[in-house]
Structure formats: C-alpha cells, structure tokens
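Trainee: I have a new structure to look at, and I would like to learn how its features are read. Could you take me through it slowly?

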Amino acid sequence: MENNLSEKEFVDGKENAEDIKRLIFRYLSYWPFFLLSVIILVTSAYLYLRYTPSIYQTSSKIKILKDKGGIDMTGFQGNSPLIDMSKVNLENESEIIKSRRLAKNVILNLGLQTQIFQHGTIRTMEVWREEVPFEILWENDNLDALKTILYEIKFLSSSEFEISNKDAGFEEVENYGNLITHGDVEFRILLKEDIDDSKYIGKTYSFKHYQIDQMISRLTSKINVENIGQSSEILNIFLNGPNQQKNEDIINNLVFQFNNDGIQDNKKLAKRTETFVIERLNSLNEELDTVEKSLVDFKTESGLVTVETSAQEIFGKNTASENLLFEVKQQLLLAEDFQKEIDQMEDYELLPANIGISDRGVNQFTENYNQLILERQQLLISSTEQSIAVREIDKKLDKLRLNIIRTLNGYKRQLDLKLSEIDTRERFTRSRIGQLPSQEKQIREITRQQSVKERLYVFLLQKREEATLSAAVASDIIKVVDYAYTSPAPISPKPKIVFLGSLVLGLIIPFGFIYIKFLLDTKIYTKDEIKLGVGDVPIVAEIPYDKANENKLIGKNESTPVAESFRILRTNLKFLNNKNEKDKSNNESKVIFVTSTTKGEGKTFASVNFSNSLSATGKKVILIGADLRNPQVHNLLNLDKHTRGLSYFLYDSDAKIDDILLKNEKLPAEFDVILSGEIPPNPSELLSNGRFQYLIDKLKKEYDYIVVDTAPTILVTDSLLISETADFTLYMIRSGHTEIQLLDHIRDIYTKEKLKNIGIVFNGLKEDGAYAYNYGYGYGYHEQKKKKSRFKFW
C-alpha cells in the first residue's frame, strides 16, 4: 500500500510539473508582446529620467542647548540660576522651527517669493542665485495684494530683451533697467555685473512672484524636523527640492532665524528681571537712608559711640539666634516684596525668578508661570487673546498665580512662627542683660535693620549688573552640529527603482492582457481541458490543423502530420474494438459513427479521411452521409449535391442500395460512398422508419467498415435515433472552436450511454501559438520543410 501511495504521489508530482511547464510555455509563446512591452516601458523610463527634474534632500543637525541664556548668580543661600530654562521640549522646538512666523522671516530674508526658471528644449529647471544672469527689482509697495505674477523673458541682445505674459496678451521689447508697467505691476530687469551676456542671448527664462501666504504654506509643508533619538537633544531638519544650493540656503537661514528668535526671548526675560531689580533698589535706598538717619539721631541724643566690652559674652551667646532671626526676617521681607510685586503687576507679565526666596514651592510655581507667559507671547504673535489656545493658557496662569499667592501666604505664616520662637529666646536673653543700658538695646535693633537692608541692597546691585549683561549679550540657544548638506544622489526619481519598475511593469502589462484573454476565452484548446470536462471518455486521436489541406481528401501515400494522425486513429480503433468484443465477433463489420456537438468541428472532414485511411489497409469501406440537414460529404469528394442518396433510400421503400451507391475513380476501389441526397423536410421521421437499420444490415454483409457521418448531437436528435446501429462513435472536438461548456453535454451522453463506445477525436490543433501542437508528427515520414525564421517556444 505504501508503494502504491508513493507511486501515485510521484505521478501526481510529475503531472503538476508538466502543468507548470505547459503554463509557462503557453505565456512564452507571446514573447514578442513581452519584448515589445519591455522595450516601450524601459524607453519611457529613460525619457522620464532624462527630462524629469531630480529632487535632492538637504539636511542639517542642531543641538538645543539646555541653558538658553540663563544667568548663574550667587544668592544669599548659595548658587542658583536667576533664569533657569534647562528643560528642553524637543516637540515644542520642532513646531517652532516649522512655524509660519519663522518661515515668513526666511522667505523675506532670501527673497523666496520670486521663483526663476530656465527653459530648455524640453525641460524647464529652477535656477538660483549665481545661476540667474539678471535681477528683478519690484517697484510696487503693495505687491502682496496682487495675485500670482508670471512673466517670460527672452534675451535678444546685450541691451534688449523681450518680456511677455501670454495669459494676459502682454508682450514688449525693453532695455535693461527700464521701468516695466503692466496693469498694477511695476518692476525693472537688470543684468548682473561681471557676466558674459553673449552666453545668454537667445535663452528664455520665466519668473513667478507668489503672495507671501502662498509661499509660507508651501515652505512649511516641505520642512520636516525629526528627533534623532529619545534621549538626544539633537534635531535633524530636512528639506526636499530640485535646486541643491537653494535648499542649503533655506535650511541655513531657518537655523539662523530659529536661534535669533530664542535669543530675543531670553533678552526679554532678562530685561524684565533687570527692571524689577532696579525698582527694588530704589526702594531699599530710601529705607537704608531712614535707618541710618535714625541710628545717627539716636547716638547723638544718647551720646553713645561703641558697645561696652562687658556685654560681649552675653551677646555672643545670642549670635546664633540673631543669625537665624536675620535669615527669617530677610526671607519675610523678600516674600512681602514679591507679594507686593504680584499685587501691583499687570495681567500676564513675567515675574522675577529666583530672587532669593528659599521656599521651593514658590520658586517652582514662579518658573512654571514664566514659561506659560513666554508660550502665551509666542501664540499672540499669530493669534489673538480670544483664541482657544490663549484662553487655555490664561486659565492656567490664573490658577498658577493663585497658587503662588497661597504658597507665599503659607510661607509667611511659617516665618511668623519662627519669629515668634526667636522672640521668645531673645526675651530670655534680654532678661539676663537687663543691667545693660536701654540705649544699647535700641542701637542693636537699629543696627540689625541696617545690616539686613545693606546686604539685600548689595545683593540686588549684583543682580542688576548681571541682568544688564544678560540683556546686552545673550548666548546662542543652539549649537550647529552640521550645516546644511545636500546628498549628491537624488532621492527622486531613483534610476534603479524606475528601471526595475518599468521592467516589471513591462512584463506585468502583457501578462495581464494575456491572462484576461485566456480568462475570457471559453474555447477548448488542450487535451487537459477535455479530460477535466468529460472525465473517463478516451481521446483516441489528435488531428493537427493544416491550412493548406483544409477540407481536402488526403492522398493514400501522403506522410503529412494530418495523414499520420488518421493512421494513429485507425490504429487506436482496436482499443474501442477490444471493449466491444464481448458483444460482437471480430469478423463482423464495424459500424463507426462520426459526430460532433455542433457544426464546424470537422466531423465530415474526419469521416472522409478516416474512411480513406481504413481503405488504404485493403479493407472494404463505405461512407454514409447521414447528416440529412446539412450534408457536406459531396463538397470534400467533389460530387454532385443532387445525386440520389440516403434520403431517397429512406423515403422510397422500393429503392435499392445500388441506386444510391457511388464509386469514384478518384477514390480507392475499396472505398464506396452513399451521399445524403436531397434535404428532406422530415429527416427524423425518415431515420426512424426502419429503412436505415435495413440499410446497415445489408451493408454489413459487403463491407468491413461502415463509417456514418451523422448530424451534430446538440442541435437535433437524428444521431441519437440511429445510435443503436453503431458499434463505435468518434466524437469530434475542434480546438479553438468548441465551447468548454459543451463538454457537459458530451459527458452526459457518455454517462447515460446515449451513444455507444465513444472515443473523442481532438481536431484542429495548431503547431504554434499559446496552444502549440508539437508531438513530432511526420518525423522521418515527410519531406523536410523550410524552417520558419521566427523563434518558437513550443
């Protein structure tokens, strides 16, 4: 069982391989179409690459610096930045780079509103800077109010040029430098210095001026910004365009505008801090004058100059408490000043950052508040205060301001508690130094106030100088890692991909058309289609198509492929004979029907030549034309159509066989014929009246083979009415003519045994094309023919 299964699998695999091979050769038979399609597509790809402008990619890398203009200072309690902007949000920076505001600055700075093109024989290319031999000076003040402006310029000589606008019907010859007026547009054309104007005579250029909003939209859509890594602070800026130098100029200028924009933001913040510090210094100056004056007045009134040494020991113990008291009061003063600044400030202004308050919550909220103020100012450049984004930020600012005030109040309450504790300690100390003059106590209080205000004054003087320096000299917010660089290889179109695509498309297009042709073709072309449709019905012969001998009688000694196919049919008849041996003796005559499904499938041609082939073996053969509705035997044998035939014999009961029997001198002596005769009005009734059975019985005694050319089975029932008289049935199927759906009809006849011992004859197989017939017919049996020059796969 395993051996049988293995053998079956081997056979199935071999058949599948043959099917694939046959399918491949079926398509390869159309190789001229594939070759022509590939040539056309590859040529089109070459022309496309030749005349399509190349697109290049330009990129630049920048690093966003953490400390964007911050100022490191020394405060009372240690080192801290006055303006801390160390948090880098690369997504925000990317959006700023692609903003319309920066794009507008780049466009105005580089003059991108005017594009200039050089016209070639076929291709028009954009030119830039040194590639342009002339300059355009626009004289209009309101140029952006006009629609897109397009003009064409042709150099006529070193002093004249032709300017035109074909859409507006405008055309003039002007001298260089003349004012050109066309409608609302005024401009001048100037030749650049140090150029050889003779090189440009006869050349044509065109220039187009866009509105600023159009160019902003075009530029922002082309700029791409990417972060090169999650933990990186480097941004990669991309721009694609046909002119490499123009791409690089745009990228470099965009980087410059972005850096300058950040510098200006830092300067604004530093200026606001400087203003606050100056205001506070003026206030402290007045307070210091008051304290110092009160100290002088008190010493003058009391006559005191120095503190007695006897009090040093007691006062030394109180040093720690005094230091703590100094720090608490200093923080309280700063908190009160900061709260006063908040109360007096206008809506949505920057707050002074890190002015010495030790509370981390206040500093954090202040930092967040200033960041939102900067974002709000950026949005107000391109939006109004009523926009949704600005109003959302306003809500956040109001909330942060409330949080700052609450935090300050809480911080002040903490400081008040500390002051209360320190006061308790000092009361204890004062009880110990009660013997000291009351004047000394008052001096210390005045001195303490003076010391606090002096230190705060010195601190703010330092802040003022540093804020002034920061506003005057702001550092860059970025570091350029790589300036704009253009890859020498274009990103579009890519020759390798275009040629490969054209090659693949050149193969796919004809393949698709051929596939659709095969899909829509419902004709039968191969044996496999017949086997699939009719099942076990044997195919006893395959007759090739020979246009030169179509519908002709094949000679006895011919060795053409068609003649050989009929000899094979004659040989294969014995297999049908073996199947029928159980019912008939080998010596009895064989009645062979030749029929088909429809007309035109070659049954008459096969009947005549098959009969001729049988007679060539010395057997007596008679051919009966039983297709009474459409007789064709007389045409192949060149006989008179009106000769008495089968219809006469069936109609006249007194007619004799000799009355209809024909012998033709062109046919072998063993080959006799009975034509169909006149076409009767009732062929079915004539065939079923018993005279046909009588005729067959008589002829069996005289002939070895009786070949009957019957009517098609699907059109009429004539063949089925006389089917009982047949021993074998040759059923004709013609390649490229018979419809596939008719195979169901043949299978039905076979399974229901409406015709006896059916064997299929596959007729009309062609020697070339998608369904090439090439089994070696005629090898060694016919004359050598001149080979065709064209190549064939099958």
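**Cavities and helix contacts**

Mentor: Grid points are joined across faces, edges and corners, and a volume is the space filled by probe spheres set on the points. This is a predicted model, in which local features need pLDDT of at least 70 and side-chain atom pairs count only at pLDDT 80 or more, while totals for chains, interfaces and linings use all residues. Residues are numbered from 1 along each chain as its sequence is written, and side-chain values use heavy atoms, with hydrogens and water left out.

Trainee: What volume does the largest cavity have, and which residues line it?

Mentor: Lining residues are those with an atom within 4 Å of a point. The largest cavity has a volume of about 50 Å³, and its lining consists of Phe276, Arg280, Leu334, Asp337, Ile355, Leu456 and Leu460. Helix 6 (244-302), helix 8 (319-344) and helix 11 (438-472) each supply at least two residues of that lining, where helices (H or I, at least four residues) and strands (E, at least two) are DSSP runs numbered from the N terminus. By class, the lining has five nonpolar, no polar and two charged residues; Ala, Val, Leu, Ile, Met, Phe, Trp, Tyr, Cys and Pro count as nonpolar, Asp, Glu, Lys and Arg as charged, and the others, Gly among them, as polar.

Trainee: At what angle do helix 2 and helix 12 cross, and which residues meet there?

Mentor: Axes are lines fitted to C-alpha atoms, for helices over the stretch in contact, and angles run from 0 to 180 degrees between N-to-C directions. The axes of helix 2 (residues 31-51) and helix 12 (residues 495-520) come within 8 Å and cross at roughly 150°. Angles under 35 degrees count as roughly parallel, over 145 as roughly antiparallel, 65 to 115 as roughly perpendicular and the rest as oblique, and helix 2 and helix 12 are therefore roughly antiparallel to each other. Contact means heavy atoms within 4.5 Å; among the residues that meet are Phe33, Phe34 and Leu41 in helix 2 and Pro495, Phe499 and Ile514 in helix 12. The residues of this contact divide into 19 nonpolar, three polar and no charged.

Trainee: How is helix 4 placed against helix 5?

Mentor: Helix 4 (residues 100-110) and helix 5 (residues 212-222) pack at an angle of about 110°, with their axes 9 Å apart, and that makes helix 4 roughly perpendicular to helix 5. Their contact includes Arg100, Lys104 and Ile107 of helix 4, together with Asp213, Met215 and Leu219 of helix 5. By class, it has eight nonpolar, two polar and three charged residues.

Trainee: Which residues make the contact between helix 13 and helix 22?

Mentor: Helix 13 (residues 527-534) and helix 22 (residues 743-751) pack at about 50°, with their axes 8 Å apart, and are therefore oblique to each other. Glu529, Ile530, Gly533 and Val534 of helix 13 make the contact with Leu743, Ile746 and Arg747 of helix 22.

Trainee: Which peptide bond is cis?

Mentor: The bond from Ser492 to Pro493 is cis, with omega near -10°, and Pro493 is placed in the loop between strand 15 (478-486) and helix 12.

Methods: On a 1 Å grid over the protein atoms alone, a cavity is a set of points where a 1.4 Å probe fits but cannot get out, and a pocket is an open set with protein on both sides within 12 Å along at least five of seven lines; lining residues have an atom within 4 Å of a point.
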